[in-house]
Amino acid sequence: MEFRGFPVWLRDIPGIEFRTDNEPYKAEMQTFVTKIVDMMKAEKLYSWQGGPIILQQIENEYGNIQSKYGQAGKRYMQWAAQMALGLDTGIPWVMCRQTDAPEQIVA
């Protein structure tokens with residue numbers, strides 16, 4: 001991995017903009033996060049399955065850059081939180097430094 005933590009091939013997807021309300025990006029993000037969650041469940045790594053995972057993070061310090069994207073940033077943050085919650089992992093999600101995260105997300 002390179003390209004600020006993103007796989008370099010993402011830049012070749014037509015119309016993609018990272019970390020904002022952008023359909024190509026959100027589709028790739030949802031595919032990736034869902035795959036990781038499914039792998040964790042299959043390996044029984046969540047605490048309710050007897051594993052060590054007690055907390056997970058969706059986005060990292062997005063609150064520091066959200067204003068750069070305006071309303072599209074706010075919509076993206078809300079989407080990311082709801083997408084994560086919809087994966088039904090049985091443990092809390094956190095959004096570090098996100099003061100306007102939905103109530104179910106640890107800020």
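Predicted model: local features only at pLDDT ≥ 70, side-chain atom pairs only at ≥ 80, totals over all residues.
A helix axis here is a line fitted to C-alpha atoms over the stretch in contact, and angles between axes run from 0 to 180 degrees between N-to-C directions.

Helix α1 covers residues 23-42 and helix α2 covers residues 70-85. Their axes come within 11 Å and cross at roughly 25°. Angles under 35 degrees count as roughly parallel, so α1 is roughly parallel to α2. As for handedness, α1 passes α2 in a right-handed crossing.

| Helix | Residues in the contact |
|---|---|
| α1 | Tyr 25, Lys 26, Met 29, Gln 30, Val 33 |
| α2 | Tyr 76, Trp 79, Ala 80, Met 83 |

Sorted by class, this contact has 7 nonpolar, 1 polar and 1 charged residues.

Now for α2 itself. This helix has 16 residues and reaches 23 Å from its first C-alpha to its last, close to the 22 Å expected at 1.5 Å a residue. Its buried residues are Ala 72, Gly 73, Tyr 76, Met 77, Trp 79, Ala 80, Ala 81, Met 83 and Ala 84. What covers them includes α1, along with β1 (56-60) and β2 (93-96).

Lys 26 sits in helix α1. Is Lys 26 buried or exposed? Its relative accessible area is 7%, so Lys 26 is buried, the cut-off being under 20%. Setting aside neighbours within four places in sequence, Lys 26 is in contact with Thr 20, Asp 21, Tyr 76 and Trp 79.

Definitions and conventions. Residues numbered from 1 in each chain as written. Heavy atoms only, no water. Helix = DSSP H or I, 4+ residues; strand = E, 2+ residues; numbered from the N terminus. Parallel < 35°, antiparallel > 145°, perpendicular 65-115°, else oblique. Left-handed = near helix turned anticlockwise from the far one by under 90°. Contact = heavy atoms within 4.5 Å. Nonpolar A, V, L, I, M, F, W, Y, C, P; charged D, E, K, R; others polar. Expected span 1.5 Å × (residues − 1). Buried < 20%, exposed > 50% of the residue type's maximum accessible area, 1.4 Å probe, protein only.
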